[in-house]
Amino acid sequence: MVNFVLIAVCIIAGMIFKATKSIHPDAHKGINTWILYLALPAVSFKYLPKVKWTTEMLFPIAATFLISVFCFFFMMLYSKSRGYSRRSRSTLELASGYSNTSFIGFPLISAFYGEGLLSIAIICDQTMFFALSTLGIIAAVKGGSKSGKVSALFILKRLVTFPPLIGCISALVLSQFIDFTVAEPFFDKLAATVSPLALFSVGLQLKFNGWKKLIPQMSMSMLYKLILAPAIVLGMALLLGIKGDVAKITVFEAAMPTLVTSSIIAEQFRLNTKLTNLIIGVSIIVGFFTSAFWYEMTQLFF
């Protein structure tokens, strides 16, 4: 319950600060810089060293990346049918292919399944984070380019200089040689700033004027994110014979609302932040109801 209250408080606070002009119009850029360069890398150092990698964990890893890949093709076909620009298509890819697996996912998993299954959720979360840092950045770079075409070298340069990805890889490599137990309280404090600041940043950028024109894009994004994505994962699990808790949590995490960090990436690469933020806000509300449906589905099939 605390997480849900925090979501509302942070977003509303950002909207109030903006409406009353109590904060600089570009304040969200400074907040996003903190999140990208310090808070998100700290998340990797907090969780990755503790992850126990087993063969059964290959399913949530593969499923998470496939959600993003299927989203690419789904939004490509949809955007072409509607005549959308590459920028709009990339915005939809970013807002539809990545789930809020931690801030929303963790408390909902604890409520529905119990805290004992959070170890599986952490795999989904870190894989989602890695997918955003790679596939998400590639989509954002292409969408932010005026021509929509960029060289492989340019994309590689943006990838290797993207702070969260550097943090992710560093945590994976360094944890094999260094014990970060002593530094855990430090990483905990930094990682704790991600969700409230990201949501506050969303509130600062949230604009409702002209939202009716964006209903088709918002609806299609949430159709994929909240319905099709978990349905695809469920189908994969049944096809491959994956059962038990791993299948349940992977499907449930795929059904989570849009990742808040998508807004920060959209802003950094000059995509449609208005659309991204609206999708984030509305998908969180709708996602509370659809998650109950997917819980029942996982209980029925697994």
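Contact here means heavy atoms within 4.5 Å. The model shown in these views is predicted.

**View 1. Packing of helix α12 against helix α14.** In the predicted model, Lys248, Val251 and Phe252 of α12 are in contact with Ser291, Trp294, Tyr295, Thr298 and Gln299 of α14. Sorted by class, this contact between α12 and α14 comprises four nonpolar, three polar and one charged residues. Helix α14 spans residues 273-301, and its axis lies 10 Å from that of α12, at an angle of about 160 degrees. Angles over 145 degrees count as roughly antiparallel, and α12 and α14 are therefore roughly antiparallel to each other. The crossing of α12 past α14 is right-handed.

**View 2. Crossing of helix α4 and helix α11.** Helix α4 covers residues 86-96 and helix α11 covers residues 215-240; their axes come within 9 Å and cross at roughly 40 degrees. The two helices, α4 and α11, are therefore oblique to each other. Their crossing is right-handed. On the α4 side, Leu92, Ala95 and Ser96 take part in the contact, and they meet Gln217, Ser221, Tyr224 and Lys225 on the α11 side. Three nonpolar, three polar and one charged residues make up this contact of α4 with α11.

**View 3. Crossing of helix α2 and helix α13.** The axis of α2 comes within 10 Å of the axis of helix α13 (residues 261-268), and the two cross at roughly 115 degrees. Here the crossing, in which α2 passes α13, is left-handed. Helix α2 contributes His28, Lys29, Asn32, Ile35, Leu36 and Leu40, which meet Thr261, Ile264, Ile265, Glu267 and Gln268 of α13. By class, five nonpolar, four polar and two charged residues form the contact of α2 with α13.

**View 4. The largest pocket and its lining.** The volume of the largest pocket is about 520 Å³. Its lining consists of 28 residues, of which Ser102, Phe103, Ala191, Val194 and Ser195 are the closest to the pocket centre. Two or more lining residues are given by each of α1 (2-19), α2 (27-47), α5 (105-112), α6, α9 (184-191) and α10 (194-205). Helix α6 provides the largest share of the lining of this pocket, with five residues. By class, the lining of the largest pocket divides into 17 nonpolar, eight polar and three charged residues.

**View 5. The largest cavity and its lining.** The structure contains one cavity of 30 Å³ or more. The volume of the largest cavity is about 40 Å³. Its lining is formed by Thr64, Ile67, Thr101, Cys124, Met128, Thr250, Glu253 and Ala254. The elements that supply two or more of these lining residues are α3 (58-82), α6 (118-144) and α12 (244-254). Helix α12 gives the largest share of the cavity lining, three residues. Four nonpolar, three polar and one charged residues are found in the lining of the largest cavity.

Note on methods
Residues are numbered from 1 along each chain as its sequence is written. This is a predicted model: local features need pLDDT of at least 70, side-chain atom pairs count only at pLDDT 80 or more; totals for chains, interfaces and linings use all residues. Side-chain values use heavy atoms; hydrogens and water are left out. Axes are lines fitted to C-alpha atoms, for helices over the stretch in contact, and angles run from 0 to 180 degrees between N-to-C directions. Helices (H or I, at least four residues) and strands (E, at least two) are DSSP runs, numbered from the N terminus. Angles under 35 degrees count as roughly parallel, over 145 as roughly antiparallel, 65 to 115 as roughly perpendicular and the rest as oblique. A crossing is left-handed if the near helix is turned anticlockwise from the far one by less than a right angle, and right-handed if clockwise. Ala, Val, Leu, Ile, Met, Phe, Trp, Tyr, Cys and Pro count as nonpolar, Asp, Glu, Lys and Arg as charged, and the others, Gly among them, as polar. On a 1 Å grid over the protein atoms alone, a cavity is a set of points where a 1.4 Å probe fits but cannot get out, and a pocket is an open set with protein on both sides within 12 Å along at least five of seven lines; lining residues have an atom within 4 Å of a point. Grid points are joined across faces, edges and corners, and a volume is the space filled by probe spheres set on the points.
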